[in-house]
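Reader: I would like to learn how to read a few features of a protein model. Please give the general idea each time, then the case at hand.

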Amino acid sequence: MDDHAPLESTGIEEPLDLVRLSLDERIYVKLRGDRELRGRLHAYDGHLNMVLGDVEETITVVDVNEETMEEVIRIVKRNCEMLFVRGDGVILVSPPSRA
Amino acid sequence: MLFYSFFKTLVGQPVTVELKNDLAITGVLVSVDQFLNIKLDNIKVVDEERYPHMLAVKNCFIRGSVVRYVQLPAPSVDMALLQDAARRERQQPAAGGRK
């Protein structure tokens, strides 16, 4: 207990320590395949496998109109109460913008 | 090891595994291993209209590396315990050896 309390406030030695500080906070995760997640970080490991709670997933789909060849960007949103995310799809992790 | 242990606690629970090829399979979690390979029983493909190939399949083994997400039953997840475990795993990586 007391062995990790002081380290938590000061010890930022490696990039993953920044992720540790986001535990129990809402984070933004950018994933391969034009996917984004926003949710509360409950757990992670060195591969950036994660468990997120109250997740909103945003998928950006580009549809090409056959006739006009116009690109139509469509945004699909999904929600999930509890989600395990495999780390190999993760591009970046960040606290969500306050906006 | 964190997520391996975590998934072991969910054995017997219904989960939905979404694969990197967008196929989503719901089933009862039978077992997990260190690679987060997953065995499911009583499976059902979420969008059977689009993926009719597996209608006759009742159980399956999923290679961990093709998993994108696992949707979990939120009430069976102890978030406080998970967060503690995630903090601890960072603190003492030597205990299990960092891979």
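Author: Start with secondary structure: helices (H or I, at least four residues) and strands (E, at least two) are DSSP runs, numbered from the N terminus. In chain B the order along the sequence is α-β-β-β-β-β-α-α, which amounts to 3 helices and 5 strands. The C-alpha trace of chain B spans about 45 × 30 × 20 Å along its principal axes.

Reader: What conventions apply to the model and its numbering?

Author: This is a predicted model, in which local features need pLDDT of at least 70 and side-chain atom pairs count only at pLDDT 80 or more, while totals for chains, interfaces and linings use all residues. Residues are numbered from 1 along each chain as its sequence is written, chains are lettered from A and ligands numbered from 1 in the order in which they are written, and side-chain values use heavy atoms, with hydrogens and water left out.

Reader: How many salt bridges are found over all chains?

Author: A salt bridge is a side-chain nitrogen of Lys or Arg within 4 Å of a carboxyl oxygen of Asp or Glu. The search of the whole structure gives 15 salt bridges. One of them joins Arg20(A) to Asp17(A), with 3.4 Å between the closest N and O atoms. Both residues belong to helix α2 (residues 15–20) of chain A and are 3 residues apart, about one turn of the helix.

Reader: Is Arg20(A) buried or exposed?

Author: Buried means under 20% relative accessible area, exposed over 50%, and partly exposed in between (1.4 Å probe, protein chains only). Arg20(A) counts as buried because its relative accessibility is 3%, and Asp17(A), at 6%, is buried as well. In chain B, buried residues make up 39% of the 99 residues.

Reader: Which residue does Arg40(A) meet in a salt bridge?

Author: Its partner is Asp24(A), at 3.8 Å from N to O. Asp24(A) lies in the loop between α2 and β1 (26–31) of chain A and Arg40(A) in strand β2 (residues 35–44) of chain A, so the pair ties together parts that are 16 residues apart in sequence. Asp24(A) is partly exposed at 34%, and Arg40(A) is partly exposed at 29%.

Reader: What does Lys44(B) form with Glu48(B)?

Author: A salt bridge, whose closest N and O atoms are 3.7 Å apart. Lys44(B) is exposed because its relative accessibility is 51%, whereas Glu48(B) is partly exposed at 29%.

Reader: How much area do chain B and chain A bury between them?

Author: The size of an interface is often given as the accessible area lost when the parts come together. Buried area here is the accessible area (1.4 Å probe) that two parts lose on being put together, summed over both. Chain B and chain A bury about 2,700 Å², with 58% of it on carbon and sulfur atoms. Taking contact as heavy atoms within 4.5 Å, 30 residues from chain B and 32 residues from chain A take part.

Reader: How many salt bridges are there between chain B and chain A?

Author: The count is 4. Arg35(A) forms a salt bridge with Glu18(B), at 3.6 Å between the closest N and O atoms. A network of salt bridges links Arg35(A), Glu57(A), Arg78(A), Glu18(B), Asp22(B) and Arg68(B).

Reader: Which strand of chain A pairs with β5(B)?

Author: Two strands pair if DSSP finds at least two bridges between them. Strand β4 (residues 71–85) of chain A pairs with β5(B) in the antiparallel sense over 3 bridges. Leu83(A) stands opposite Gln71(B) in β5(B).
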